[in-house]
Structures are given as structure tokens and as C-alpha cells.
Amino acid sequence: MASYKLIGKDFTPPDLLGKVTGKGKYAEDFRAEGMVFAKLLRSPMPHAKVRQIDSRKALAIKGVFGVLTADDVPKVELPHEPILTNEPLYAGEPILALAAVDETTAANAIEQIKVDLQPLPFVIDPLESLRPGGPNACSEGNVANRGIKLQTIKWTARDFAAVNQGKLPLGKPAEEWQYGDIEAGFKEAELVIEESFVTQSLSHHSMEPRTAMAYWQNGKLYLHGSCQSVAFAVPGIAKLVGINPAQLVFIAENCGGGFGSKGTGYPQWGIPALLSKKINRPVMLRVSRTEEHAIGRARPSFQGYVKIGFRKDGRITALDLYVIQSNGPYEGFPDFRNSAGGVSIVYQPLAMRWRGMPVLTNTPPRSAQRGPGENQMATAIEPFIDKAARKLGLDRVAIRRINAPGHDGKYGGKQVPITSSYLRDALDKGAARFQWDKKKALSGQRKGTKVTGIGVGVAYHSAGRTGFDGLVLIKPDGKLYIHNGTGNLGTFSYAATSRVAAEVLGMPWNRCEIVFGSSGRNMPWNSPQVGSNSSFTMSRTNYVAAMDAKKKLQEIAAKEYNGQPDDYDVANGRVYRKSNAAQGLSLADAASRAIKLGGKYSGQELPTDLNPLTARSASALAGQGLMGVAKDTLPSKGIVPAFCAAFVRVEVDLETGHVDIKECLGVADCGTVLHPESLGTQITGGCVQGFGLALKEKHVFDPKFGLSATKGLHNAKLPTYLDVPLEMQWDAVNKPDPHNPVGARGIGEPPTGAASSAVVCAISDALGGVYFNRAPVSCDMIVNAVEKKSQSYKPLEVEV
Amino acid sequence: MDAMKNGSGDTVAGVSRRSFIKGVIAAGATVSSVSYLFRGNGFAQVNPGIAGAVERMVTLTVNGQKRRVDVMKQETLAMTLRYKLGLTGTKLGCDRAECGNCTVLIDDVPHYSCSVLTHTARASKITTIEGLASADGKLHRVQQAFIDELAPQCGFCTPGQIMSAVGLLKVNPKPTRAQAAEAMSGNLCRCGAYNNYLNAVMRAAEAS
């Protein structure tokens with residue numbers, strides 16, 4: 001597939017029309033006969049025990065149909081998150097749900113419910129929980145994460161000796177790894193810097209709150225939810241509500257933003273699902289913006305320490321990293337682990353140690369947020385790379401370039417190989433297009449109250465998975481139906497990767513249909529739409545399914561006209577003899593032949609290595625046409641990386657502390673470009689989220705009561721039109737990855753971290769080398785720094 | 001129904017039953033007899049004499065059609081559009097005037113419909129995302145520009161963005177990019193698609 005007809009070309013994804021006409025349906029746009037509304041009763045305290053609930057008065061109100069409490073839902077063990085709880089672990093956690101004929105009735109009835117709560121000790125700042133005698137976020141411990149069982153860990157007073165001087169305590173970690181000899185590396189170094197740092201939590205705040213509607217019909221649950229994924233979400237939802245996956249129809253045609261917060265599901269879906277079952281009516285749970293802040297997930301904060309040794313030429317000899325993560329009250333997400341992987345791959349330290357500690361906090365639950373771990377770490381650590389460059393007299397692009405991985409780059413503590421890396425190319429391309437060498441001269445130039453700063457930032461995320469299934473069907477109408485269960489997050493990658501199947505089969509795009517949006521439409525077992533992986537993963541599954549269909553078409557032609565299958569080729573809606581193009585079948589006719597032949601040709605016989613979900617979908621479609629169905633067993637070795645380098649120019653107002661981002665260029669290394677337009681939106685949109693991470697967005701909690709001061713969008717300070725450059729730029733290296741049949745890798749996440757770190761670095765550049773060791777860098781911090789005043793937060797303090 | 005008094009004493013004239021029904025059919029949605037949100041029919045009728053109560057059946061002019069609808073006094077236009085008139089293209093992102101996802105035009109001016117009481121819009125011309133394309137399905141030039149520039153990502157804020165853009169181009173058909181950004185700045189987009197949205201607005205302005 002040297003020259004492509006579809007890959008690398010722009011096209012209009014099929015869901016776009018619905019998005020501009022208002023016809024595209026999101027979870028709250030569905031209605032069911034007899035639908036009623038649920039409202040939540042949520043904890044007013046950050047940690048409490050429910051002693052008693054009295055719902056009698058509420059249930060007596062006309063129009064109230066019932067309540068759902070923790071006693072009605074499947075029990076889960078901590079640190080897993082329950083659907084409803086009798087031990088709320090954060091302010092705003094749902095304790096009870098009530099269904100009524102309308103929302104006003106439901107809200108009024110909720111007011112009539114008496115809940116007796118016993119307040120319990122709570123903790124917002126992870127360091128407080130690690131102190132001797134410090135509070136635990138839940139009654140059974142203070143440390144947990146994926147693969148780390150819930151336990152109690154306290155450090156000693158000695159560990160905290162220098163905390164007031166801003167030095168991170170480095171007690172015994174929950175997890176650690178090391179490769180190489182870091183002490184030897186530091187000895188060998190020309191320059192060693194040692195820093196503590198803080199990054200703050202922030203909410204995802206997708207524009208669509210996690211509203212959901214559920215009803216039961218003939219023993220099946222129909223759930224309309226807002227989710228990044230479709231097929232992959234099915235087993236989890238089924239388990240959540242205690243049914244067999246075959247009993248679930250999950251509808252998620254459009255997802256109004258997720259950014260990791262709606263990756264594969266969330267326990268709150270159990271509320272409308274189980275309440276509907278209990279009262280035997282369809283239930284809509286409309287989630288408000290305030291509720292979304294509480295239950296809608298957040299990026300964890302980091303309190304960190306890093307020691308980095310540099311050679312004279314900037315090469316990193318050794319790196320020692322410690323990350324304490326505010327884990328939220330439940331299992332959370334391994335940002336702290338990912339952060340180390342990100343550092344290891346971006347800088348390729350000759351020796352590295354990482355230690356990590358996920359500490360439970362009575363704050364909204366955490367989940368992945370666009371570059372979870374990698375992006376807040378890039379924002380924290382990239383300024384230190386600049387600091388070293390300044391001390392060593394090196395160019396800031398050059399110091400990143402000398403440490404950047406080549407194809408022989410390695411990842412993490414186990415030094416896993418990677419599939420390819422063109423990060424140096426991305427830096428070179430970006431520096432040339434941005435005119436880095438010329439613009440460097442603008443650094444520190446002052447005009448009135450404004451000073452110019454120039455910044456570069458680099459970020460990484462893994463970008464590909466393997467082992468999922470592909471499913472395509474050529475029907476007697478001559479069309480190719482590409483069943484795509486990955487989800488529709490808004491990246492359009494579901495459509496761009498579907499075109500790989502059309503490319504393989506030489507099928508004109510106007511004769512292809514993508515079948516997506518509901519598990520009821522016979523989805524194959526597909527990757528979740530998370531972790532920047534769709535482009536790599538889904539192009540592989542669609543490739544193997546299309547190759548299977550192609551082989552079957554060749555066999556059918558050989559049966560029809562004799563010869564060997566290899567004598568035939570497939571293109572332009574026909575299978576034909578290579579030596580005599582006139583001899584052949586239309587794909588419509590071939591589909592009819594496949595139905596007559598049955599067996600593997602029409603999906604009556606299936607490969608044995610398919611996931612059960614794929615097998616069920618394929619069986620449901622069997623006999624309707626020629627089926628291509630296969631598991632992705634293509635070779636792949638090691639980590640599939642995505643990189644982005646961002647270049648920015650800012651103007652910092654020394655009087656107000658306002659940072660005006662005047663220019664931003666993001667350059668992606670994501671292998672072959674599948675769809676230029678949507679790649680552009682991923683890079684520029686990702687950069688915009690990075691601006692929020694760098695400058696504005698953070699959780700603020702009242703430490704006395706454990707309540708959030710940043711619930712609404714206004715206080716969350718998401719970037720607006722007026723916070724971004726008037727025109728944004730993007731580019732891509734566009735060199736193929738050898739481990740993908742079309743050379744593609746994902747890209748969704750790294751632009752955010754690249755842009756956020758570039759912005760923070762540009763501020764430090766404007767201020768002539770003032771480093772904040774904290775993100776976001778807010779206006780007050782800049783003003784204080786300019787006036788050489790102390791900052792308003794204590795060293796290492798988070799959620800302030 | 002040919003001429004009916006509404007709460008403010010205005011007379012709704014010139015809408016025959018037939019044309020009303022036609023309008024409803026053309027809009028592809030019916031006026032729901034069941035009120036989903038806030039107090040529904042059955043409940044409020046229990047106590048029609050609430051102090052300060054206003055007439056509940058009102059006529060709204062939505063997308064060029066007169067729509068009779070049962071509205072509570074505290075009901076917002078966003079809820080009426082979404083839950084009474086079946087116009088779910090108007091999205092609710094915050095329900096408190098922070099995000100702009102629910103933007104509609106009221107007498108050609110963009111408004112957050114989550115923060116407009118339906119009763120106050122009785123005498124006005126309301127345009128939603130569903131009312132932009134012509135009857136034969138031809139897209140409004142702003143909608144077409146949003147497609148041509150691949151402006152949306154997740155799409156949830158898109159209807160509101162488009163309504164703000166349409167409102168802008170009505171008063172300023174040839175805005176500068178900076179003017180467009182200023183005019184659109186009441187519409188948040190968490191995907192950060194601002195650059196492509198502005199590209200689309202500028203393309204639509206050129207097409208006018």
C-alpha cells in the first residue's frame with residue numbers, strides 16, 4: 001500500500017452533519033415512553049458515615065416513585081468506587097437517588113429526606129495524610145491505586161523535617177523502580193539540579209455532563225450514556241449492574257467530551273439503570289454542572305521531587321524522581337506511574353530511579369485526563385530542563401534534542417523498546433517553522449508593561465494497542481459496512497481508521513458505511529477510545545478484517561473463474577483477474593455468492609480466536625453478505641509512542657500578571673497522517689487544554705471544611721476564545737511507524753502537555769529565569785515574583 | 001385555537017388549526033402532552049390558583065412556526081425547547097449562563113436559553129439550530145462552513161457556537177478575526193476547537 005487513495009486525505013466524517021444541524025443525539029436527547037427523572041442526594045461533607053436515612057415523607061409525596069440507596073446496589077470493596085455509598089468519601093458524593101414524575105417533584109422530595117450523618121476526619125493534602133498520626137481519607141487506609149492494595153502508610157517526623165523549606169519528604173514509597181547507576185550518573189554530571197514541585201488537580205468538565213437514561217425491556221437493559229467507548233464499555237456496565245453482557249444494549253452515538261473522564265464507564269451509570277429496574281420505568285438522570293464537578297473526575301495533583309544530572313552537552317546522565325499523587329478517595333488512576341514512564345522516554349536518562357506514592361484524599365474521584373501523569377509531569381519538569389540549559393549555556397531546543405529518543409529509545413523501569421520515534425524530527429521541523437533561532441532574540445524584550453517570552457515543550461503518551469478484532473461486511477447492495485465499536489469521542493478517528501478497510505479493498509468511500517454508536521448494532525470487540533490509541537489500534541483491526549474479506553473475495557473469484565485466489569485482485573468495487581480485468585465479479589455479486597456459499601464466507605463459521613463479543617455480533621450478521629472478521633495478530637513489539645513538540649511566544653504583563661499567548665505551533669510525531677484536518681484539530685485543541693493546565697485551571701478546597709471553591713465553569717477557568725492565539729499552527733512529521741500496516745500512531749494527548757510546558761517555560765523565559773516549581777502559574781504568582789514578594793501558598797501546598 | 005387569549009392579553013391571530021398542525025408535522029415533533037420537567041400538567045392543575053400564577057398555554061414563534069405550548073412560570077426557554085418542543089439540538093452544558101451551549105437567537109440576538117424565562121420570549125422570534133437549514137435541507141452558510149472547516153470536535157457546544165456565529169454575522173457581516181473571537185467568547189468549547197470555529201466563521205463571512 002505505497003500510494004493511498006483515502007489515507008492522508010481529508011473527508012467529511014459521517015457524524016458531522018448531525019453536529020451542525022442539532023440532529024446528532026447525545027444521552028440527554030433520548031426519550032422513552034413513561035420516562036421519569038432522578039435526582040441525587042449528595043454528601044455535604046468530605047467524609048462521613050450514614051447512620052440513618054428516613055425517606056418516608058418523600059415517598060409519600062404524589063409523583064414520587066421510589067428511592068435507591070447503597071443498600072440497593074451491588075457492594076464493592078474499597079478502594080473500588082460504589083454506585084451509592086453509606087460512607088461518603090468526598091463532598092458531593094451520591095448517597096441516594098430518588099425518581100419522580102418531574103425534576104421539581106424529585107428535588108422537593110429530596111428535601112424531605114432525613115439523613116443522619118456522622119462527620120469523620122478528612123484530608124485534602126496528601127502530605128497531611130502521610131504525617132505521623134495524620135488522617136486517613138477512608139476508614140480502611142490512605143494508600144491505594146491499580147495494583148496497590150488499600151493500606152495505611154505513615155511517614156516519620158524526620159521525613160518531614162525540611163517540608164517547611166519546600167523540600168518534599170521522601171519517605172518509603174508504595175512503588176519504585178530503577179535502571180542504571182544513578183549515583184555514578186550524578187558523579188559524572190557537569191551540573192546537578194535538585195527541585196521540589198507541585199502540580200494542581202483540575203476537573204475534566206466536558207461540555208456534556210454525564211447525564212444518562214436507562215430502561216429495561218424484555219430483560220434487557222437499554223442504557224443511553226455519554227462514553228468515549230462503546231464495545232469495550234459493555235462488560236464493565238454489565239458487571240456494574242449484575243447482568244450478562246448479552247443483556248445490555250449500550251447506546252452512545254455521540255460523546256460530548258470525555259478527555260479520559262468517560263473512558264470506559266463510571267459507577268454512576270448504575271443509578272438510572274438500577275433505579276429504573278426498581279421502579280419499572282425509564283429513568284433519566286440529568287447531571288448538573290455542580291454534580292459534574294463532584295462525580296465527573298479530575299486530574300490528580302502531584303507533589304514531587306526531582307534530581308537531574310546533566311553532561312556539559314546537556315545529555316542527562318541520571319534522574320531521580322519522586323511523585324506523591326492526590327489519589328482521590330478511590331482506586332484512581334496511575335498518573336504517578338505514567339509520569340515516570342513519560343520522563344524516561346522523553347529524556348532517555350542514562351540512569352533513572354522513580355519512586356511513587358498514591359495517597360487517598362477526600363476530593364472528587366480521579367481518572368485519566370488527557371495525558372494522565374505525562375502531561376502534568378511535562379509541565380513540572382520542562383522548566384528544569386530550561387534551567388539547566390540556561391546554566392550550561394545551551395539552546396533549549398538543542399538540550400531537548402540531545403536527550404530525545406531515536407528508534408532505539410527505551411521506556412520505563414524495564415527499558416521496554418519502542419516501535420519508532422521521530423521526536424527529533426518534530427523538534428527540527430517545529431524550530432524551523434516557528435523560526436526559533438530568530439525568535440529567541442525576542443526573549444525578555446519589554447514593551448510598556450509587557451515582556452516577551454519564548455518557550456518550547458515536549459510531551460509523550462503511549463499511542464497504540466493490539467489484540468482487538470475487526471468486522472466488515474460486504475452486502476449484496478455492493479456496499480462495505482465497517483462495524484466500528486471503538487466509540488465516537490469527537491476525534492473522528494473512528495471514521496479515519498474505518499477508511500483503512502476501504503483502502504485495503506479499493507472501495508470508493510461513497511460506497512462505505514460505518515456502523516457505530518450502539519452495542520445493539522453488532523460491534524466487534526474494539527479498543528476503548530482512550531490513551532491516544534485509536535489510530536494505531538483501530539487501523540490494525542480494520543486492516544485485518546478487510547484483508548480477511550479480500551482473501552475471501554479472491555477465493556470466490558477463483559471458484560467462479562478458475563485459477564488461484566492470488567490471480568485475482570480487488571479494487572473499485574470489483575474482484576477481477578489481474579491478467580484480464582474484464583473477468584471478474586462486482587462486490588455486490590460476490591456478496592451474493594458468499595451468502596450462497598455460507599460457511600466462513602458469510603460468517604456462519606468464525607475464527608476461533610475472536611472475542612466472545614465479536615463472535616456474538618458476527619453470528620448476528622451471518623448470512624447477510626461476505627464477512628471479513630479477524631483478530632489483530634499482526635506483529636508489534638514494545639511501546640507505541642506519540643510525541644508532540646510545541647513552540648509558543650507569550651507576552652507577560654508585569655503589572656497584572658496576565659499571560660497573553662500570541663503564537664502556538666504544535667508538531668506531532670504520530671506516524672502516517674490518516675486524516676490531516678482531524679489531526680489539526682487534535683493538535684490545536686490539545687494545545688488549548690494545555691493553556692488551561694499551564695495558566696488557570698486548578699482545584700481549590702477550603703481546608704477547614706473540605707469543600708470545593710471551584711465547582712462551576714467560571715471558577716474552573718477553562719480557556720475561552722480570548723485565552724488562545726488568534727491563529728494557531730500545527731504540523732506533523734508524517735513518517736510511518738513500522739508496526740502499523742499503514743504506519744499510523746495516535747496523538748490525542750501529547751499536544752496538551754507540550755503546549756502547557758512550553759507556556760510555563762515561556763513565562764520563565766520572559767522573566768529572565770524565574771522558575772515557579774508549580775503549575776498552573778497564575779497571575780498572582782507572576783505579580784508576586786516580579787515584586788519579589790512571597791507567594792500566598794505554603795511550600796508544597798496543593799488544592800490552593 | 002384560531003384566536004386565543006394568552007396570559008398577557010395578547011391575541012394570537014392568524015394561525016389556523018390546520019396550519020398549526022402542518023407546522024408541527026413539518027417540524028418533525030409534536031407538542032408534548034406530557035410535561036417532563038418541572039411541574040407537569042396533572043400537578044399544577046391540582047392547584048390552579050397559585051399566587052402570581054400566569055396563563056400556562058402560550059404561543060411561541062420558533063423557527064418561523066407558531067407553537068402552542070404549556071409552560072410553567074419558572075420554566076426556562078432551554079427546557080421548553082428541549083422537553084416540550086422536541087428541539088434537542090439546543091444543548092445544556094451548565095444551565096447557569098456559563099458555557100453558551102444553549103445559545104439561541106431571540107429576535108436575531110444570541111441569548112443563553114438556559115437563562116431566559118420562556119414567558120418573556122412570547123412576543124419574540126426564536127431561532128434554534130434546527131431552524132437554520134432551509135426546508136429542502138440546504139444548510140445555512142454558517143453550518144456549511146462549520147462542516148468545510150471540520151470545526152466541531154465532540155460537537156456538544158457546536159449548536160451554540162453556530163447560533164452565536166449567525167447572530168454575529170447578522171450585525172457584522174464581515175468581522176475581523178479578532179471581532180469574531182470577541183463575539184464568540186461567550187461560548188466555551190472544552191475540546192478547544194476555537195481555531196477551527198474561527199476559521200469557519202471567517203469562511204461563512206466570506207461566503208455571504
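## Basis

The model is predicted: local features need pLDDT of at least 70 and side-chain atom pairs count only at pLDDT 80 or more, while totals for chains, interfaces and linings use all residues. Residues are numbered from 1 along each chain as its sequence is written, and chains are lettered from A and ligands numbered from 1 in the order in which they are written.

## Chain A overall

Chain A has 21 helices and 35 strands (DSSP runs numbered from the N terminus, helices being H or I with at least four residues and strands E with at least two). Its radius of gyration, 27 Å, is close to the 28 Å of the globule rule for 800 residues, so chain A is as compact as a globular protein of that length. The radius is taken over C-alpha atoms, and the rule is 2.2 Å times the number of residues to the power 0.38. Along the principal axes, the C-alpha atoms of chain A fill a box of roughly 85 × 75 × 50 Å.

Buried residues make up 62% of the 800 in chain A (buried: 20 or more other C-beta atoms within 10 Å of the residue's own, with C-beta atoms placed from the backbone). Of the contacts in chain A with a separation of 6 or more, 79% join residues 24 or more positions apart; a contact requires C-beta atoms, placed from the backbone, within 7 Å.

## An open strand in chain A

Strand E5 (residues 114–119) of chain A has 6 residues, of which 0 are buried, so E5(A) lies largely in the open. E5(A) pairs with strand E2 (residues 48–54) of chain A in the antiparallel sense over 6 bridges (pairing needs at least two DSSP bridges). A:Lys49 has A:Gln118 in E5(A) as its bridge partner.

## Contact between the chains

Chain A gives 49 residues to the contact and chain B gives 46 residues. On the chain A side, two or more residues come from each of helices H1 (16–21), H3 (103–111), H18 (676–695) and H19 (713–716). H18(A) has the largest share, 7 residues. This side of chain A comprises 18 nonpolar, 22 polar and 9 charged residues (nonpolar: Ala, Val, Leu, Ile, Met, Phe, Trp, Tyr, Cys and Pro; charged: Asp, Glu, Lys and Arg; polar: the others, Gly among them).

## Domains of chain B

Chain B is assigned domain 1 (4–41 + 55–131) and domain 2 (141–207), with bounds from an automatic or database domain assignment. Their contact takes 15 residues from domain 1 of chain B and 13 residues from domain 2 of chain B.

On the side of domain 1 of chain B that touches domain 2 of chain B, strands E5 (103–106) and E6 (109–112) of chain B each supply at least two residues. E5(B) gives the most, with 3 residues. By class, this side of domain 1 of chain B has 7 nonpolar, 6 polar and 2 charged residues.

Technical notes: A residue is buried if 20 or more other C-beta atoms lie within 10 Å of its own, exposed if 12 or fewer, and partly exposed in between; C-beta atoms are placed from the backbone. Two residues are in contact if their C-beta atoms, placed from the backbone, lie within 7 Å.
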